[in-house]
Structure formats: structure tokens, C-alpha cells
Amino acid sequence: MNKKVKVLVAGPFDSGKTTFIKTANRECYDGVEVPNFDPVEIKELSGTTTVGLDISHINLNGIDFILVGLPGQKRFSFLWDTLGNDYDAILILHSAELPLSETEFYVSFFSKTPSWRRAKKLIILTKRDLNPGFDAVKLSEFGLPVLSCDPRNKEDVYNVLMFLYNTIRYSLNKEKK
């Protein structure tokens, strides 16, 4: 089975999108990160932010997953309309440090894109270690499968991609029948 699967990796700022994509395959990673800057306060903040896209790919059992991460800050949403189309899968990362309204915004936005109806969709809960009391069941309110993942952990990222692989493989087998 030789198939390319385009995976959109979206979600709020600092939810682990870039880290997830780098962890999947650091050798193939390409992206543009700059020092984080607050345009309202006009001051530099700690860390970096993605200002274009993050991209990498990994082959799992004959399926080439092309991972494309969008910048998470809402001020870059003008890019999302263009870059958020024509995907086979959509991963929305949610940090346990953030309120559900953040993920609700991204689910609402991407549910209006042409890819939404046909794409496999997952919510990926990140940063559970920083808020162990976060009620992950609340994320199921969005009607999408929810998986936990530490984007720094290669095995966790691999497990998310294998879940996606199995879902896509099942769909492909159903289409053949």
C-alpha cells in the first residue's frame, strides 16, 4: 500500500504542534520559527513561534504521512484558509493548560473547511504533566476521538500516527470492497 496522507496539525499557540512534527521525524523537519513577540505590548516573549508552516514526513507501513503544522496564534489565521484545505487528516492539539474554548475555536474554524467532512479527525491532549487534574473527558464534547500525547516523546507521537494509520487503513479496505 503506497499512499500519501496529508495531515494538518493545528491548535492553539504553545500546544506542541512544532514539537509533535519535529519528534515525528527530525531529519525531515522544515519550518520557520522566530522569537515570540507580543504585538500589543510590543515586547519579546520567551520561546519561539511558528510564522509559516512546519512540515515533515514519516513513512509507516507503506503510508507516507506528510505533517503540516500551522501557526497557532489567531493573528496568523489569514494563513489558515489557504493552508487548511485538502487534508486527509486533521489533528487539533489541546494543551491541558488551556480552557476548552481555545480548542472550540479551532474545531469551529476547521469544521468549515472543505477537508473537514472527509478527513479523519483527532483531538490530541498535550501538557497533561503540567495540569494532571485536567478532565480529558470534556474534550469528547467535540464529538471527535481524543488521545493523550507528550509531543516530546517519540513513542507517544508514533502511537498517535499508528492510530491514524489504522483508521486510514480500515477506510481504504472498506473502499476496496
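Visitor: Start inside. How many cavities of 30 Å³ or more does a search of the whole structure find?

Guide: General idea first. Rolling a probe the size of a water molecule over the atoms shows where empty space is left. Now the case here. Keep in mind that this is a predicted model. The search of the whole structure finds one cavity of 30 Å³ or more.

Visitor: Which residues line the largest cavity?

Guide: The lining is made by Thr23, Ala24, Ile58, Lys154, Val157, Tyr158 and Leu161. Two elements give two or more residues each: helix 1 (17–24) and helix 4 (154–176). Helix 4 gives the most, with four residues.

Visitor: What is the lining like by class?

Guide: Five of the lining residues are nonpolar, one is polar and one is charged.

Visitor: Stay with helix 4. Is Asn159 buried, partly exposed or exposed?

Guide: Asn159 lies in helix 4. Its relative accessible area is 42%, so Asn159 is partly exposed: it falls between the 20% and 50% cut-offs. Look back along the chain too. Leu147 is twelve residues away from Asn159, and their C-alpha atoms are separated by 9.3 Å.

Visitor: Now the strands. Which way do the side chains of strand 5 point?

Guide: Strand 5 covers residues 89–95. Ala89, Leu91, Leu93 and Ser95 point one way, while Ile90, Ile92 and His94 point the other way. Residues on both sides are buried. The count for strand 5 is seven of seven residues buried.

Visitor: Which strands pair with strand 5, and over how many bridges?

Guide: Take strand 1 (residues 3–10) to begin with. Strand 1 and strand 5 pair in the parallel sense over four bridges. Leu8 stands opposite Ile90 there. Then go to strand 6 (residues 120–126). Seven bridges join strand 5 to strand 6, and these two also run parallel. Ile90 has a bridge partner in strand 6 as well, Lys121. Leu91 stands opposite Leu122.

Visitor: How does the chain get from strand 5 to strand 6?

Guide: The chain crosses through helix 3 (residues 100–110). This β-α-β crossover is right-handed.

Visitor: How many residues of strand 6 are buried, and which strand pairs with strand 6 over three bridges?

Guide: Strand 6 is mostly covered, with six of its seven residues buried. Strand 7 (residues 146–148) pairs with strand 6 in the parallel sense over three bridges. Leu125 has Ser148 of strand 7 as its bridge partner.

Visitor: Last topic, the cysteines. How many disulfides does a search of the whole structure find?

Guide: The search finds zero disulfides.

Definitions and conventions
Residues are numbered from 1 along each chain as its sequence is written. This is a predicted model: local features need pLDDT of at least 70, side-chain atom pairs count only at pLDDT 80 or more; totals for chains, interfaces and linings use all residues. Side-chain values use heavy atoms; hydrogens and water are left out. On a 1 Å grid over the protein atoms alone, a cavity is a set of points where a 1.4 Å probe fits but cannot get out, and a pocket is an open set with protein on both sides within 12 Å along at least five of seven lines; lining residues have an atom within 4 Å of a point. Grid points are joined across faces, edges and corners, and a volume is the space filled by probe spheres set on the points. Ala, Val, Leu, Ile, Met, Phe, Trp, Tyr, Cys and Pro count as nonpolar, Asp, Glu, Lys and Arg as charged, and the others, Gly among them, as polar. A disulfide is a pair of cysteine sulfur atoms within 2.5 Å. Buried means under 20% relative accessible area, exposed over 50%, partly exposed in between (1.4 Å probe, protein chains only). Two strands pair if DSSP finds at least two bridges between them. A crossover is right-handed if, with the strands pointing away from the viewer, the path from the first strand over the helix to the second runs clockwise.
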